[in-house]
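Colleague: I am new to this one. Please show it to me, and then let me ask about it.

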Amino acid sequence: MIHILVHDRKDTVGVAVIEGIKAGQELIGWVMEDDSTIKVKALNDIPIGHKLALTDIGNGDTVIKYGFDIGKAVAPIKKGEHAHVHNMKTKRW
């Protein structure tokens, strides 16, 4: 079963595509770029449609989703952690 979607190997976050991801759950991600899979352990509950860090992301680091810069971390984000408005924001303002 695929739990997260990753578009590009450069992505630092993936998107939850199923309901009910729980902290501690081992997740399988599908990397569309090369039709491969990755594994990551969820550190938090992740709502469907929300992001999960695929690697450790430092405070101030660029966050990449779908192969594009979508913002920056405003706090450290650990691999497997929920990446959302509490720890990242757009660079537009």
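Colleague: In which sense do strand 2 and strand 5 pair?

Modeller: This is a predicted model, where local features need pLDDT of at least 70, side-chain atom pairs count only at pLDDT 80 or more, and totals for chains, interfaces and linings use all residues. Residues are numbered from 1 along each chain as its sequence is written, and side-chain values use heavy atoms, with hydrogens and water left out. Strands are DSSP runs of E, at least two residues long, numbered from the N terminus, and two of them pair if DSSP finds at least two bridges between them. Strand 2 and strand 5 (residues 51–53) share 3 bridges, and their sense is antiparallel.

Colleague: Which residue of strand 5 is the bridge partner of Val13?

Modeller: Take two positions along this pairing. Val15 stands opposite Lys51. For Val13, the partner in strand 5 is Ala53.

Colleague: What joins strand 1 to strand 2, and how many residues lie between them?

Modeller: The two run antiparallel, joined by 2 bridges. In one of these pairings, Ile4 has Ala16 as its partner in strand 2. Together the strands form a hairpin, and the residues between them number 6.

Colleague: Which strands stand at the edges of the sheet of 6 strands?

Modeller: This open sheet has mixed pairing and the order 4-3-1-2-5-8.

Colleague: Which residues touch the most other members of the largest nonpolar core?

Modeller: A nonpolar core is a set of buried (under 20% relative accessible area) Ala, Val, Leu, Ile, Met, Phe, Trp, Tyr and Cys residues joined through side-chain atoms within 4.5 Å. Strand 1, strand 3 (26–31) and strand 4 (36–41) each give two or more residues to this core. The core has 13 residues, and those touching the most other members are Ile4, Ile21, Leu27 and Leu52.

Colleague: How many residues are in the second, separate core?

Modeller: Among its members are Val63, Ala73, Ile77 and Ala83. The count is 8.

Colleague: Which residue forms a salt bridge with Arg9?

Modeller: A salt bridge needs a side-chain nitrogen of Lys or Arg within 4 Å of a carboxyl oxygen of Asp or Glu. Here the closest N and O atoms are 3.1 Å apart. Arg9 lies in the loop between strand 1 and strand 2, and its partner in the loop between strand 3 and strand 4, so the pair ties together parts 25 residues apart in sequence. The partner is Asp34.

Colleague: How far apart are the closest N and O atoms of Asp69 and Lys91?

Modeller: These two residues also form a salt bridge. Asp69 lies in strand 7 and Lys91 in the segment after strand 9, so parts 22 residues apart in sequence are tied together. The closest N and O atoms are apart by 2.7 Å.

How values were computed. Helices (H or I, at least four residues) and strands (E, at least two) are DSSP runs, numbered from the N terminus. Buried means under 20% relative accessible area, exposed over 50%, partly exposed in between (1.4 Å probe, protein chains only).
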